[in-house]
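Biologist: Please take a close look at one part of this model and tell me where it sits and what it touches. Then place it in its surroundings.

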Amino acid sequence: QVQLVESGGGLVQAGGSLRLSCTASGGTFSTYTMGWFRQAPGEELEFVAGCTWRAGNTYYADSVKGRFACSRDNAKATVYLQMNSLKPEDTAVYYCARSKTAYTVVASTQDKYAYWGQGTQVTVSS
């Protein structure tokens, strides 16, 4: 059974940075696309970023483009989300997810992902 564990969330002031990590276990990692989603209180789950199985292929929501960066280390079965220039509106619980199928492009809809982490809270104060 695939398990995903996120870490790195916390409280940061606006303009600051955080790096989230998501480590996978129990299954193949290197051939699957990894995505990051977030959910703010009272809001729906929102796609944030994704890294394909192929190193260097990334995709971002317009709201984070130029500020966030998705990367992965297949040797460590870990995907990262570097978040810079954080804004209060970035406050949310952040989730990582693994795609349902291997060798696929980044999808922005949650139905394309089979496994999810438990989430990590990111709070940005103004």
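Modeller: Arg67 is found in the loop between strand S6 (58-60) and S7; strands (E, at least two residues) and helices (H or I, at least four residues) are DSSP runs, numbered from the N terminus. This is a predicted model, in which local features need pLDDT of at least 70 and side-chain atom pairs count only at pLDDT 80 or more, while totals for chains, interfaces and linings use all residues. Residues are numbered from 1 along each chain as its sequence is written, and side-chain values use heavy atoms, with hydrogens and water left out.

Arg67 counts as buried because its relative accessibility is 11% (buried is under 20% relative accessible area, exposed over 50%, partly exposed in between, with a 1.4 Å probe and protein chains only). Its side chain makes a polar contact with the side chain of Asp90, at 2.7 Å. A polar contact is a pair of N or O atoms within 3.5 Å; within protein, one must be able to donate a hydrogen and the other to accept it, and residues adjacent in sequence count only if both atoms are side-chain atoms. Apart from neighbours within four places in sequence, Arg67 is in contact (heavy atoms within 4.5 Å) with Gln82, Met83, Asn84, Ser85, Leu86, Lys87 and Asp90.

One of these partners, Ser85, lies in the loop between S8 and S9. Ser85 is not a glycine, yet has a positive phi of about 50 degrees. With a relative accessible area of 41%, Ser85 is partly exposed.

Another partner of Arg67, Met83, is among the residues with the most contacts inside the largest nonpolar core, which has 34 residues; Trp36, Val48, Phe68, Val79, Leu81 and Tyr94 are the others. A nonpolar core here is a set of buried Ala, Val, Leu, Ile, Met, Phe, Trp, Tyr and Cys residues joined through side-chain atoms within 4.5 Å. At least two residues of this core come from each of strand S3 (18-25), S4, strand S5 (46-51), strand S7 (68-73), strand S8 (78-83), strand S9 (92-102) and strand S11 (120-125). In soluble globular proteins, nonpolar side chains tend to be buried together.

In the loop between S7 and S8 is Ala77. Ala77 also has a positive phi of about 50 degrees, although it is not a glycine, and it is buried, with a relative accessible area of 16%.
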